[in-house]
Protein chains: 2
Amino acid sequence: MIQVAINGYGTIGKRVADAVREQPDMEVRGVAKTRPNFEAETAVDKGFPLYAAVEERADQFADAGLEIAGPVEDLVDAADVVVDATPSGIGAENKSMYEAYDTPALYQGGEDADLVDTSFNARSNFEDATGADHVRVVSCNTTGLSRVIAPLREAYGVEKVRATLVRRGGDPGQTSRGPINDILPNPVTIPSHHGPDVETIFDDLDIDTLGMKVPATLMHMHSLNVTLEEEVDASEVRDLFAEESRLFLIPERMDIDGSGKLKEYALDAGRPRGDVWENCIWEESISTVGDDLYLFQGIHQESDVVPENVDAIRAVLGEADAEESIETTNETMGIGL
Amino acid sequence: MIQVAINGYGTIGKRVADAVREQPDMEVRGVAKTRPNFEAETAVDKGFPLYAAVEERADQFADAGLEIAGPVEDLVDAADVVVDATPSGIGAENKSMYEAYDTPALYQGGEDADLVDTSFNARSNFEDATGADHVRVVSCNTTGLSRVIAPLREAYGVEKVRATLVRRGGDPGQTSRGPINDILPNPVTIPSHHGPDVETIFDDLDIDTLGMKVPATLMHMHSLNVTLEEEVDASEVRDLFAEESRLFLIPERMDIDGSGKLKEYALDAGRPRGDVWENCIWEESISTVGDDLYLFQGIHQESDVVPENVDAIRAVLGEADAEESIETTNETMGIGL
């Protein structure tokens, strides 16, 4: 059994912990957190050994009635791999600790690409992570773009990608984020950083991205244009995408007009936390005009990278190939709407 | 003096009435409304003769203490031109009335393009409207796109336009519109109707548009990509746009990050109703990657067509050429931030 440490138990970490627990070949060795809150209490309720990410604050957990198994260093030492799910920039600070204990580490998309040996998307470049010590699982948006671009490159070749990412202002729990009643170019400079991030997965890709922020918390929405290297009928592209396990084509009959109904569907389906791990592509939106392909896709920022983290664990340790790992992860998590 | 009738005194009609009143060569002959409300009261307060758009409802005005000058037919008969600013589809129903009184009519962008002799944007095709009986002033979004495309076509040639229109859910006064906390592909099918609408202004243009709706009321936001026929430096494009009187380039020093601050700036500047008649292009966003130009622009849905309606009045009656009319309209309204 692969012993997995999870450092950072917030939006991503808690989801990765739950997903790891479902894997037949993995065990959650423990989770580390900086301070007690409702998430720390839930971790204890779920039986995850809880470690203190900052030793000086360990007392706070005792004051909150939460038992601490030890400092995060003990957890990193005992694990075969650590998933760093700390806020952007903290992963970089933690790198030397992971190196000190010789524990391979996965970081999240908020870290710089040059912190790691390779960036990772299971569908696109699984094998690049084999044996790597430091791997970055790319962000929710980059994951969502990569999953769509990989099959298009393989099937038709991609001349250029242009994408407008209409991003949620914050996650549902981030109560101090904006905007209210506004649409912000964000970043206002073009192209945004998202395109170069996708190029960490496909280094020869021509892609320009534009970002905005809007008053929504549920999901991001991508307006995607891919100029293909050949003219293709839209129905062919729909068939191509239908074969992809992490692309969900929203059928017209479902009458799902936006992220609200998508999330409600996921909750009705009994998904944990209403998570939507797949790219959600509106089937009606898949259109071609000459060699230009267009589509809309919803990307659930809180969860689409979770199966990618699970796959990255196997990739780093060389425990499975892409196909085997993706299949196991999908089956255990229930991916494939 | 050109006698102008305004049929429909809502979001657009009331603004056109105020703008017409500022013109040295025009007079508001009267405004017509279907029912009494706060806008009807304001019309009377401003001294605009008020006509009943639906004769059977004329009593309602009397009940509300508002004096009616007569039925809308009297107004149409007395005017040299009528601006139809009624809700989408009603303009088409009114067409036969305007024909019966032989009064040339301007319609708004919600009407079908085939209702009229020509669609109109002052910067792009002013002369097409000369002597026409029925002219459609294109929608706020189409106006915003046309104003940018016209100079680019003239200076560099345009190979293809791709635009994502992130649209406000409703106007500030439309209290029953959505969405709340959502991002909707709208229409979900691609391309949206906006591209063909721009083609009513430039009939040989290659343009694909995608639409969304978000929980904002202040302005639309366009994420625009124009593939030019030559490679151009972004600074050249900025200089080109700086010459255009209805394009406002938001300078970085102003620290305006979205529609909220834009509207606040317009209110601080004493603009009536805080109107923003110009396209608002973030100067920092103007970027070129090879022959691809990108930018973000905010479009004030309530007001950017108002100066266009004023210009269309002169165009239809042959009272001025494009340059003279645009200059007069700009000066009297105070356009040019």
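Axes here are lines fitted to C-alpha atoms, for helices over the stretch in contact, and angles run from 0 to 180 degrees between N-to-C directions. The views below come from a predicted model.

**View 1. Helix α11 packs against helix α12 in chain A.** Helix α12 covers residues 322-333. Its axis and that of α11(A) lie 9 Å apart, at an angle of about 135°. The pair therefore counts as oblique. The crossing of α11(A) and α12(A) is right-handed. From α11(A), the contact draws on A:V306, A:P307, A:V310, A:D311 and A:R314. From α12(A), A:S325, A:I326, A:T328, A:T329 and A:M333 take part. By class, the residues of this contact are five nonpolar, three polar and two charged.

**View 2. A:D311 sits in helix α11 of chain A.** The helix spans residues 306-317. A:D311 has 0% relative accessibility, so it counts as buried; the cut-off for buried is under 20%. Its side chain makes a polar contact with the side chain of A:R246, at 2.8 Å. Leaving out residues up to four places away in sequence, A:D311 touches A:F120, A:A122, A:F126, A:R246, A:S325, A:I326 and A:T329. Of these neighbours, A:S325, A:I326 and A:T329 belong to the α12(A) side of the helix contact.

**View 3. A:E323 is placed in helix α12 of chain A.** The relative accessible area of A:E323 is 63%, so the residue is exposed; exposed means over 50%. A:E323 and A:A122 are 201 residues apart along the chain. Their C-alpha atoms are separated by 9.0 Å.

**View 4. Helix α1 crosses helix α11 in chain A.** Helix α1 runs over residues 11-21. The axes of α1(A) and α11(A) come within 9 Å and cross at roughly 60°. That angle makes α1(A) oblique to α11(A). The crossing is right-handed. On α1(A), the contact residues are A:I12, A:R15, A:V16, A:A19 and A:V20. On α11(A), they are A:V306, A:N309, A:V310 and A:I313. Seven nonpolar, one polar and one charged residues make up the contact.

**View 5. A:V306 and A:V310 of α11(A) take part in the contact with α1(A) and in the contact with α12(A).** A:N309 and A:I313 are listed for the α1(A) contact. A:P307, A:D311 and A:R314 are listed for the α12(A) contact.

Definitions and conventions
Residues are numbered from 1 along each chain as its sequence is written. Chains are lettered from A and ligands numbered from 1 in the order in which they are written. This is a predicted model: local features need pLDDT of at least 70, side-chain atom pairs count only at pLDDT 80 or more; totals for chains, interfaces and linings use all residues. Side-chain values use heavy atoms; hydrogens and water are left out. Helices (H or I, at least four residues) and strands (E, at least two) are DSSP runs, numbered from the N terminus. Buried means under 20% relative accessible area, exposed over 50%, partly exposed in between (1.4 Å probe, protein chains only). A polar contact is a pair of N or O atoms within 3.5 Å; within protein, one must be able to donate a hydrogen and the other to accept it, and residues adjacent in sequence count only if both atoms are side-chain atoms. Contact means heavy atoms within 4.5 Å. Angles under 35 degrees count as roughly parallel, over 145 as roughly antiparallel, 65 to 115 as roughly perpendicular and the rest as oblique. A crossing is left-handed if the near helix is turned anticlockwise from the far one by less than a right angle, and right-handed if clockwise. Ala, Val, Leu, Ile, Met, Phe, Trp, Tyr, Cys and Pro count as nonpolar, Asp, Glu, Lys and Arg as charged, and the others, Gly among them, as polar.
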